[in-house]
Amino acid sequence: EIVVTRNFQAANKKRGGGTPEYKQLEANIKDVASGTSASHKCSEVDNLIPFQMGVSPAVLEHVIFCHQEESNWVLSEPKVLKERFDAIFASTR
C-alpha cells in the first residue's frame, strides 16, 4: 500500500477581494509495508504514481480515475474514441 500526500497553499494577499495566490508545495510518498517515506515535487509525483501502480498515465486518467460525468466516453464519437484508445494502448502511427 502506498499513501501519497500533496501539500498546497492558498493565500489572499490583498484585502478587499484580491486575486488569491496558489502554490503547490511538496508531496510525500509513503510505502506502508516498508515504512519508507520520500518527499518530492508535485510534478515529480505525477510521473511516479503511474510507475508505482504499474499502469500508464492514460489508463489512470481515462479508466481508473475517470470522473462519473465522463464515464460514458466509450459511447462518444468515433474520432474521440479512437484518440482515447490510442492514448490508453500507446499506439501511434
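Predicted model: local features only at pLDDT ≥ 70, side-chain atom pairs only at ≥ 80, totals over all residues.
The expected span of a helix is 1.5 Å times one less than its number of residues. Helix 1 runs over residues 42-53. It has twelve residues, and 17 Å separate its first C-alpha from its last. That is close to the 16 Å expected at 1.5 Å a residue.

Now look at which side chains of helix 1 are hidden. Cys42, Val45, Ile49 and Pro50 are its buried residues. They cover an arc of only 130° around the axis, so they sit on the same side of helix 1. What do these buried residues pack against? Their partners are strand 1, strand 2 (21-31), strand 3 (36-40) and helix 2 (57-64). Turn to the face pointing away from the buried side. There helix 1 carries the exposed residues Asn47 and Phe51. After helix 1 comes glycine 54. Its phi is positive, near 75°.

Next, the charged pairs. Side chains of opposite charge can pair when their charged atoms come close. The cut-off used here is a side-chain nitrogen of Lys or Arg within 4 Å of a carboxyl oxygen of Asp or Glu. How many salt bridges does this rule give? The count is three.

Aspartate 46 and arginine 6 meet through their side chains, at 2.3 Å from N to O. This pair links distant parts of the chain. Aspartate 46 belongs to helix 1, while arginine 6 belongs to strand 1 (residues 2-11), and the two are 40 residues apart. Buried means under 20% relative accessible area and exposed means over 50%, with partly exposed in between. Aspartate 46 has 43% relative accessibility, so it counts as partly exposed. Arginine 6 has 33%, so it too is partly exposed.

The remaining bridge pairs glutamate 21 with lysine 23, at 3.7 Å from N to O. Are these two residues buried, partly exposed or exposed? Glutamate 21 has a relative accessible area of 31%, so it is partly exposed. Lysine 23 has 39%, and is therefore partly exposed as well.

Methods:
Residues numbered from 1 in each chain as written. Heavy atoms only, no water. Helix = DSSP H or I, 4+ residues; strand = E, 2+ residues; numbered from the N terminus. Buried < 20%, exposed > 50% of the residue type's maximum accessible area, 1.4 Å probe, protein only. Arc of directions from axis to C-beta. Contact = heavy atoms within 4.5 Å.
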